[in-house]
Amino acid sequence: MNTQSNGGPVVVEEDAAPTEKPLGSRAPHFIKRSRPLHVSWQVGVFVVGLAVVVAGVIMLPLPGPGWLVIFGGMAIWATEFVWAQLVLRWTKRKVTEAAQKALDPKVRRRNIILTTVGVVIIAALLAVYVWKFGLAMPWNVSE
C-alpha cells in the first residue's frame, strides 16, 4: 500500500474512466468576451454543422460516407453546443460497447453462422430462379 507524505494511504482506482473534457463552448476567449460576437459565432457554427449534417443525410441513399459525414457535422456542433457534446459522448459510449460485444467469440461465431446461412439461402434462391427463368431479368420474364 502506498502512503502519502503525511502517512495516509493513497487510493488508486484501476478502473477509473478517462477524464472527459468539460461541457460548453470551445470558442476562443476573445469571442466569448463579447456577447454579440459569441452569438454570431454560434450561429456560424450551427449553419456549418447543419450544412455538413444535411450533406451526410443526402449521402445516405447516394454513394458516399453518409453516417461518417453526419457524425462529422455533430462534431462541429459539439465544439459549441452542450446538447451535441452529450449526444456525441452517448454515441461514442454505444459504439465502444458494440465493438466490445462484436469482439466476443460467441457473438462472432453466431454472426458467422447467420451470415453463412443467409448466403446459402440467397444462393439457393438465385439457383432456382436461374434454373426456372434463365438469365433473364425479372422485369423481362413473361409468364
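This is a predicted model: local features need pLDDT of at least 70, side-chain atom pairs count only at pLDDT 80 or more; totals for chains, interfaces and linings use all residues.

Q: How many helices and strands does the protein have?
A: There are five helices and zero strands. From the N terminus on, the order is α-α-α-α-α.

Q: What share of the residues counts as buried?
A: Of the 143 residues, 16% are buried.

Q: And the surface?
A: The accessible surface is about 11,500 Å². Carbon and sulfur atoms account for 69% of that surface.

Q: OK, inside now. Which residues make up the largest nonpolar core?
A: Eight residues form that core: Val45, Val53, Met74, Trp77, Ala78, Phe81, Ala84 and Leu88.

Q: Which helices supply at least two residues each?
A: Those are α2 (35–59), α3 (66–78) and α4 (82–102).

Q: Which one gives the most?
A: Helix α3 does, with three residues of this core.

Q: Let's stay on α3. Which of its residues are buried?
A: Gly66, Val69, Ile70, Gly73, Met74, Trp77 and Ala78 are buried.

Q: What do they pack against?
A: The buried residues of α3 pack against α2 and α4.

Q: How does the span of α3 compare with what its length should give?
A: It agrees. At 1.5 Å a residue, the 13 residues of α3 should span 18 Å, and the end C-alpha atoms are 18 Å apart.

Q: And α2, what span should that have?
A: The 25 residues of α2 should span 36 Å at 1.5 Å a residue. Its end C-alpha atoms are 36 Å apart, so α2 agrees too.

Q: Which residues of α2 are buried?
A: His38, Val45, Gly49, Val53 and Gly56 are. The buried residues of α2 pack against α1 (29–33) and α3.

Q: Pick Val53. What is it in contact with, beyond its neighbours within four places in sequence?
A: Val53 is in contact with Ile70, Gly73, Met74 and Trp77.

Q: Switching to aromatics. How many pairs are there in the whole structure?
A: A search finds six aromatic pairs.

Q: Why does the pair of Phe46 and Trp77 count as stacked?
A: Their ring planes are at 15 degrees, and under 30 counts as stacked. The ring centres are 5.4 Å apart.

Q: Where do those two sit in the chain?
A: Phe46 is in helix α2 and Trp77 is in helix α3. They are 31 residues apart, so the pair links distant parts of the chain.

Q: Is Trp77 buried or exposed?
A: Trp77 is buried, with a relative accessible area of 7%. Phe46 is partly exposed, at 35%.

Q: What about Tyr129 and Phe133, how are their rings arranged?
A: That pair is tilted. The planes are at 45 degrees and the centres 5.1 Å apart.

Q: Where are they?
A: Tyr129 and Phe133 both lie in helix α5 (residues 105–133). They are four residues apart, about one turn of the helix.

Q: Last one. Which residues form an aromatic cluster?
A: Phe46, Trp77, Phe81 and Trp83 form one. Trp77 and Phe81 are also among the residues of the largest nonpolar core.

Technical notes:
Residues are numbered from 1 along each chain as its sequence is written. Side-chain values use heavy atoms; hydrogens and water are left out. A nonpolar core is a set of buried Ala, Val, Leu, Ile, Met, Phe, Trp, Tyr and Cys residues joined through side-chain atoms within 4.5 Å. Buried means under 20% relative accessible area, exposed over 50%, partly exposed in between (1.4 Å probe, protein chains only). Contact means heavy atoms within 4.5 Å. The expected span of a helix is 1.5 Å times one less than its number of residues. Accessible areas come from the Shrake-Rupley method with a 1.4 Å probe; for residues, only the protein chains shown count as cover. Rings of Phe, Tyr and Trp (its six-membered ring) pair if their centres lie within 6.5 Å; planes under 30 degrees apart count as stacked, over 60 as edge-to-face and the rest as tilted.
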